[in-house]
Structure formats: C-alpha cells, structure tokens
Amino acid sequence: SKKNTTFAPEMNEGTRKGSLNFIKMRIMIDKKQIQTFVEDKLQGTGYELINLQVSAHNEILVEVDKLEGVDVEFCAELNHYLVEQLDAHGIEDYALEVGSVSLTAPFVTKMQYQKHLGHDVEVLSADGKKYRGSLVSVDEDSFSIDTEVMVAVEGKKRKQKEIQTLTFAYGDVKYTKYDLKF
C-alpha cells in the first residue's frame, strides 16, 4: 500500500560526529487520513466531528459533539482507537487530544443548533450586527431566536421592551454560539 505523506524539515539542526551537518526530518500527518479514521469510528454513534486540527508539529486535536452530550468514556475509546490506527499505519511522533467541543465555540453543525434549542445564544449576522436571544426553532435552512428589542409605542414617550422573533439562514451569519452567562 502506498503512503501519502508529506515531508517537512524540522527546525532542530544538529551535527553528527565528524562535523557532518544534518537536518532532522519529520513526517507530516495527513489530516484527511485522520478524518477518515475519526469518521469511521463515529459512524452510527450519534457523534459528529466538529473540529479536527493537525499542526505542523503533528499535534492532533479532535473535538466531537452529540445531541445528548459527550461521554468522557467515548472520548477515551475514540482516543484509544486513533492510537491503534496511527500505530497500524506506522505513524509516530505525535500528540493526540480528543474531547468535546468548547461550550462557547461557534456552532458548526445543525445538530449543535438542535442541541441548544431553548437556550440563550449569541448570533453575529453577516452584516456585523450582534443579537442575543433564546433559540426557538431550527430547520433545514434556517434557525430563529426570540430576542428583546426596544420599540416605540404610539402615545408613549419611552420605548417599550418587546420580544421579537428573528430568523436567520445559516449562511447569513458569521457565527452562532451558546451565550454563557454567570
């Protein structure tokens, strides 16, 4: 089987005996290969891959989420599985971190929107306006929040608070994330 690897020089230079200069080479890990390993393990579990990063120094970060929440035992199982896969494919010299996505990280999948139905969220629209409100609906193309707005009421000097439902297409927002309040 043919390995698809990329070589990159590591910054550490040294000298071997006899004054021969050398540069230590590090095999770069293929992110697509790691993604395939993760997706194979997640299939049928309800878990979704939210974030996968592979640094130039072979530091691998895998973040998953699930509608019912992330189980730490599953993260340990996924970590063990990935170590087995990396070893089986001759991949060495890496750091691996597997865990749940951060509570305040922007949503990446529709499942994350569904998971946070009824919770307060922060939305940054494509035009740069920030909205806060309760996530009240999620469908295939859009989601809605109930937010408090100040509106002018005829016959009153002061604006009144009113709950308004705003609907956003997923592509019309820069981010949506859980609005953590203390």
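Which residue in E4 is the bridge partner of leucine 49? The partner is valine 64.

This report concerns a predicted model, in which local features need pLDDT of at least 70 and side-chain atom pairs count only at pLDDT 80 or more, while totals for chains, interfaces and linings use all residues. Residues are numbered from 1 along each chain as its sequence is written, and side-chain values use heavy atoms, with hydrogens and water left out.

**Overall composition**

The chain contains three helices and 10 strands. Helices (H or I, at least four residues) and strands (E, at least two) are DSSP runs, numbered from the N terminus. From that terminus on, the order of elements is β-β-α-β-β-α-β-α-β-β-β-β-β. Of the 182 residues in the chain, 31% are buried, where buried means under 20% relative accessible area, exposed over 50%, and partly exposed in between (1.4 Å probe, protein chains only). The accessible surface comes to about 12,100 Å², and carbon and sulfur atoms account for 48% of this surface; accessible areas come from the Shrake-Rupley method with a 1.4 Å probe, and for residues only the protein chains shown count as cover. Among contacts (heavy atoms within 4.5 Å) between residues at least 6 apart in sequence, 48% join residues at least 24 apart.

**The three-stranded sheet**

Strands E3, E4 and E5 form an open sheet in the order E3-E4-E5, with mixed pairing. Two strands pair if DSSP finds at least two bridges between them. Strand E3 (47–54) and strand E5 (95–100) stand at the edges with a single partner strand each, so one side of each has no neighbour in the sheet. From one strand to the next, the twist averages 15°. Helix H1 (residues 31–42) lies across E3 and E4 and runs at about 160° to E3. Helix H2 (residues 72–88) lies across E3, E4 and E5, at about 150° to E5. For these angles, axes are lines fitted to C-alpha atoms, for helices over the stretch in contact, and values run from 0 to 180 degrees between N-to-C directions.

**The five-stranded sheet**

A second open sheet has the order E9-E8-E7-E6-E10, with antiparallel pairing. Its edge strands are E9 and strand E10 (173–178), each of which pairs on one side only. The twist in this sheet averages 35° from one strand to the next. E7 and E8 form a hairpin with three residues between them.

| Strand pair | Bridges |
|---|---|
| E3 and E4 (residues 59–66) | seven bridges |
| E6 (residues 120–125) and E7 | five bridges |
| E7 (residues 130–138) and E8 | four bridges |
| E8 and E9 (residues 160–169) | 10 bridges |

Individual residues show how these strands are linked. Aspartate 120 has serine 134 in E7 as its bridge partner. Leucine 135 is partnered by isoleucine 145 in E8, and isoleucine 145 in turn has leucine 166 in E9 as a bridge partner.

Glutamate 148 lies in strand E8 (residues 142–151). Apart from neighbours within four places in sequence, glutamate 148 is in contact with Lys161, Glu162 and Ile163. Its C-alpha atom is separated by 7.2 Å from that of glycine 133, 15 residues away along the chain.

**A nonpolar surface patch**

Leucine 103 lies in the loop between E5 and helix H3 (110–115). This residue counts as partly exposed because its relative accessibility is 47%. Together with Leu180 and Phe182, Leu103 forms a nonpolar patch on the surface, with about 390 Å² of accessible area together. Patches are made of residues with over 30% relative accessible area and no salt bridge; like charges are joined within 9 Å, and nonpolar side chains (Val, Leu, Ile, Met, Phe, Trp, Tyr) within 5 Å. A salt bridge is a side-chain nitrogen of Lys or Arg within 4 Å of a carboxyl oxygen of Asp or Glu.
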